[in-house]
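Biologist: Could you walk me through this model before I set anything up with it?

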Amino acid sequence: MYRRREPVPFAFVAEADRFRSNVTPPPRERASFGQIAGRWLLGLTIVAGLAGSLVIGIPALSVDQPAPQTQQSQASDRR
């Protein structure tokens, strides 16, 4: 059966990769001293938390094998 080709109502979507805007976005605002200090403080807190968890966690993860102690039951002493 023969299909009629009709124009797509949103043909401009297909050409979106070629569209260039002539409107420039406004320049970004510079971060204030308080915002910069807050970001540094947050980063420092995260790094300190990770380092602290390593310092506390590594000794708990170490495998210390105590010297084998030979314990004999009282039942084995009697013959």
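**Surface and helices**

Modeller: The accessible surface of the chain comes to about 9100 Å², and 61% of that area belongs to carbon and sulfur atoms; please keep in mind that this is a predicted model.

Biologist: How much of the chain is buried?

Modeller: Of its 79 residues, 0% count as buried.

Biologist: And what is the secondary structure?

Modeller: The chain has two helices and zero strands. Helix 1 has 29 residues, of which the number buried is zero, so this helix lies largely in the open.

Biologist: What span should helix 1 have?

Modeller: At 1.5 Å a residue it should span 42 Å, and its end C-alpha atoms are 41 Å apart, which agrees.

Biologist: Switching topic, which residues make the nonpolar surface patch?

Modeller: Leu42, Ile46 and Leu50 make a patch of about 310 Å². Of these residues, Ile46 lies in helix 1, which covers residues 33-61.

Notes. Residues numbered from 1 in each chain as written. Predicted model: local features only at pLDDT ≥ 70, side-chain atom pairs only at ≥ 80, totals over all residues. Heavy atoms only, no water. Helix = DSSP H or I, 4+ residues; strand = E, 2+ residues; numbered from the N terminus. Buried < 20%, exposed > 50% of the residue type's maximum accessible area, 1.4 Å probe, protein only. Areas by Shrake-Rupley, 256 points an atom, 1.4 Å probe, with all protein chains shown as cover. Patch = residues over 30% accessible without salt bridge, like charges linked within 9 Å, V, L, I, M, F, W, Y side chains within 5 Å. Salt bridge = Lys/Arg side-chain N within 4 Å of Asp/Glu carboxyl O. Expected span 1.5 Å × (residues − 1).
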